[in-house]
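Keep the sequence and the view side by side while reading.

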Amino acid sequence: MSMSLNEIGSWLDRHNVSVAAMLATVGLLFAALALSYLTRRVLQDSLRRLTARLRLPYETVLTLTRVLTAAIWIIAAALALEIWGVSVGGLWTLLVSAATVIGVGFLATWTMISNITASFFIAIWRPFHLGDTVEVLPEGLKGR
């Protein structure tokens with residue numbers, strides 16, 4: 001199943017793939033590979049020296065290195081998508097919207113759990129009874 005160069009060229013023309021976009025993508029991937037390798041080497045060497053002075057665990061060095069390497073590859077993927085004509089703006093909108101929904105969900109869950117826990121403690125320990133004087137401290141409100 002070997003294809004001739006003419007068949008490959010006609011396939012690329014049919015699918016609107018430009019040779020410049022392919023070469024730019026390959027160059028971008030090689031640049032990202034080299035940058036991530038160099039960054040990993042330099043960061044690990046400098047953090048190892050810093051780790052000895054600050055007594056940081058090796059897992060911290062490993063985590064920082066992995067986060068920086070992942071950031072390089074995410075940026076390279078976003079640039080590759082831009083080269084191929086895919087709008088990254090829609091992807092950013094999707095990610096920010098998802099993060100907002102998750103944050104609101106965590107806040108609502110935390111509020112409900114804290115209210116349930118507080119009512120559970122009040123019901124079990126009964127810190128005050130009917131006829132006691134209760135004072136709300138920040139506002140200075142008192143009542144029976």
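## Helix lengths

The expected span of a helix is 1.5 Å times one less than its number of residues. The model examined here is predicted. Helix α3 has 26 residues, so it should span 38 Å at 1.5 Å a residue. Its end C-alpha atoms are 38 Å apart, which agrees.

Helix α2 has 36 residues and should span 52 Å; its end C-alpha atoms lie 50 Å apart, in agreement. Helix α4 covers residues 88–125, 38 residues in total. From first C-alpha to last, α4 reaches 55 Å, close to the expected 56 Å.

## How α2 meets α3

Helix α2 runs over residues 19–54 and helix α3 over residues 58–83. Their axes come within 9 Å and cross at roughly 165°. Angles over 145 degrees count as roughly antiparallel, so α2 is roughly antiparallel to α3. The crossing of α2 past α3 is right-handed. What kinds of residues form the contact of α2 with α3? They divide into 19 nonpolar, seven polar and two charged.

## Buried faces

In α2, the buried residues are Ala21, Thr25, Leu28, Ala32, Ser36, Thr39, Gln44, Leu47 and Thr51. These buried residues pack against α3. An α-helix has 3.6 residues a turn, so residues three or four places apart point the same way. Look along α2 with that in mind: Leu28, Ala32, Ser36 and Thr39 are among its buried residues.

In α3, the buried set is Val61, Thr65, Thr69, Ile72, Ala76, Ala78 and Ala80. The cover over the buried residues of α3 includes α2 and α4.

Is serine 36 buried or exposed? Serine 36 sits in helix α2. Its relative accessibility is 2%, under the 20% cut-off, so serine 36 counts as buried. Beyond residues up to four places away in sequence, serine 36 touches Thr69, Ile72 and Trp73. Serine 36 and valine 88 are 52 residues apart in sequence, and their C-alpha atoms are 22 Å apart in space.

Threonine 65 belongs to helix α3. Its relative accessibility is 4%, so threonine 65 counts as buried. Which residues does threonine 65 contact, leaving aside its neighbours within four places in sequence? They are Arg40, Leu43 and Gln44. Gln44 is one of the buried residues of α2.

Phenylalanine 30 is in helix α2. Its relative accessible area is 57%, so phenylalanine 30 is exposed. Phenylalanine 30 and alanine 76 are 46 residues apart in sequence. Their C-alpha atoms are 10.0 Å apart in space.

Leucine 81 lies in helix α3. At 33% relative accessibility, leucine 81 counts as partly exposed. Which residues does leucine 81 touch, not counting those up to four places away in sequence? Val86, Val88 and Leu91. Helix α4 covers residues 88–125. Along the chain, leucine 81 and threonine 25 are 56 residues apart, yet their C-alpha atoms are separated by 9.0 Å. Threonine 25 is one of the buried residues of α2.

## Where the helices end

What backbone feature follows each helix? After α2 comes arginine 55, whose phi is positive, near 60°. Just after α3, glycine 85 takes a positive phi of about 90°. Just after α4, arginine 126 takes a positive phi of about 40°.

Arginine 126 is a residue other than glycine with a positive phi. Where is arginine 126 found? In the loop between α4 and β1, the latter at 134–136. Arginine 126 has a relative accessible area of 52%, so it is exposed.

Notes:
Residues numbered from 1 in each chain as written. Predicted model: local features only at pLDDT ≥ 70, side-chain atom pairs only at ≥ 80, totals over all residues. Heavy atoms only, no water. Axes fitted to C-alpha atoms, helices over the stretch in contact; angles between N-to-C directions. Helix = DSSP H or I, 4+ residues; strand = E, 2+ residues; numbered from the N terminus. Parallel < 35°, antiparallel > 145°, perpendicular 65-115°, else oblique. Left-handed = near helix turned anticlockwise from the far one by under 90°. Nonpolar A, V, L, I, M, F, W, Y, C, P; charged D, E, K, R; others polar. Buried < 20%, exposed > 50% of the residue type's maximum accessible area, 1.4 Å probe, protein only. Contact = heavy atoms within 4.5 Å.
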